[in-house]
Amino acid sequence: MKPTIIDLLNQSVEKYAENPFLWEKGDKGYHSTSYAQTKEQAHILAAGLIKLGVKSGDKIALLSEGRNSWIIGELGILHAGAINVPLSIKLEESNDLIFRLIHSEAKYILVSGSQLKKIRTIASALPDIKHVIVFDVQVDYEAKEIPVTQLFTWGKDFLAKNPDLVDVVASQIKPDDIANISY
């Protein structure tokens with residue numbers, strides 16, 4: 001049987017658990033996230049998404065610059081059994097962005113703080129969006145917006161009570177299941 005993206009991640013974690021998988025520049029230079037840490041963060045985010053109400057097959061848009069949160073976000077989406085809808089930050093909200101969000105039937109959006117304004121501009125035209133999950137800390141949150149840190153808190157609590165849940169959901173994903181809808 002062909003492996004899924006999750007199978008490939010698991011195989012890599014088995015081989016390279018403590019090796020750096022992701023690098024990101026911070027205030028004090030570059031820091032790494034290992035394969036094992038990446039998988040752990042993806043599991044926590046997936047559990048938070050499941051607690052939020054994400055179901056297998058739900059579409060989750062991802063609008064962000066390239067960054068570690070983007071990778072962990074996509075892996076969390078996949079581990080929750082959902083489908084990623086990656087969106088370019090170059091899209092204009094009044095045309096291409098709104099079309100893709102509606103056409104893909106996205107129910108949730110993961111968004112960076114710098115792209116949040118675009119989502120806020122078109123939010124009233126997106127009645128099917130249940131929640132907008134914001135990667136970066138904001139001072140104020142509008143209707144349906146929640147910080148990704150809240151999902152991580154929920155995910156940790158949820159996994160403490162249901163330690164195998166994400167593995168069970170992820171094990172039900174088949175090699176021919178849709179992983180993302182790319183425009």
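**Exercise 1. Determine what share of the protein chain is buried, and describe its overall dimensions.**

*Solution.* Buried residues make up 43% of the 183 residues in the protein chain, where buried means under 20% relative accessible area, exposed means over 50%, and partly exposed lies in between (1.4 Å probe, protein chains only). The structure is a predicted model, in which local features need pLDDT of at least 70 and side-chain atom pairs count only at pLDDT 80 or more, while totals for chains, interfaces and linings use all residues. Residues are numbered from 1 along each chain as its sequence is written, and side-chain values use heavy atoms, with hydrogens and water left out.

The next step concerns dimensions. The C-alpha trace spans about 45 × 40 × 30 Å along its principal axes. A compact globule of 183 residues would have a radius of gyration near 16 Å, and the protein chain agrees because its value is 16 Å. This radius is taken over C-alpha atoms, and the globule rule is 2.2 Å times the number of residues to the power 0.38.

**Exercise 2. List the secondary structure elements and give their order.**

*Solution.* First, count: the protein chain has seven helices and seven strands. Helices (H or I, at least four residues) and strands (E, at least two) are DSSP runs, numbered from the N terminus. Second, read along the sequence: the pattern is α-β-β-α-β-α-β-α-β-α-β-β-α-α.

**Exercise 3. Identify the largest nonpolar core and the elements that supply it.**

*Solution.* A nonpolar core is a set of buried Ala, Val, Leu, Ile, Met, Phe, Trp, Tyr and Cys residues joined through side-chain atoms within 4.5 Å. The largest such core has 27 residues, and L45, L49, V54, I60, L110, I133 and L151 have the most contacts inside it. At least two of its residues come from each of helix 2 (35-52), strand 3 (59-63), helix 3 (68-79), strand 5 (106-111), helix 6 (148-161) and helix 7 (165-171). Helix 2 gives the most, with seven residues. Another core, of 18 residues, lies apart from it and includes V85, I109, I122 and L126.

Now take L151 as an example of contact, meaning heavy atoms within 4.5 Å. Leaving aside neighbours within four places in sequence, L151 is in contact with I44, L45, G48, L49, L52, I133 and I146.

**Exercise 4. Describe the surroundings of H79 and V166.**

*Solution.* Begin with H79, which is placed in helix 3. H79 counts as buried because its relative accessibility is 1%. Beyond its neighbours within four places in sequence, H79 is in contact with I6, L9, A42, H43, A46, V166, V169 and A170.

Continue with V166, found in helix 7. V166 is buried, with a relative accessible area of 1%. Not counting residues up to four places away in sequence, V166 touches H43, A46, A47, H79 and L159. V166 and L45 are 121 residues apart in sequence, and their C-alpha atoms are 9.7 Å apart in space.

**Exercise 5. Locate two residues other than glycine that have a positive phi.**

*Solution.* Recall the general rule: most residues other than glycine have a negative phi. E105 has a positive phi near 65° and lies in the loop between helix 4 (93-103) and strand 5. K144 has a positive phi of about 75° and lies in the loop between strand 6 (131-134) and strand 7 (145-147). K144 counts as partly exposed, at 39% relative accessibility.
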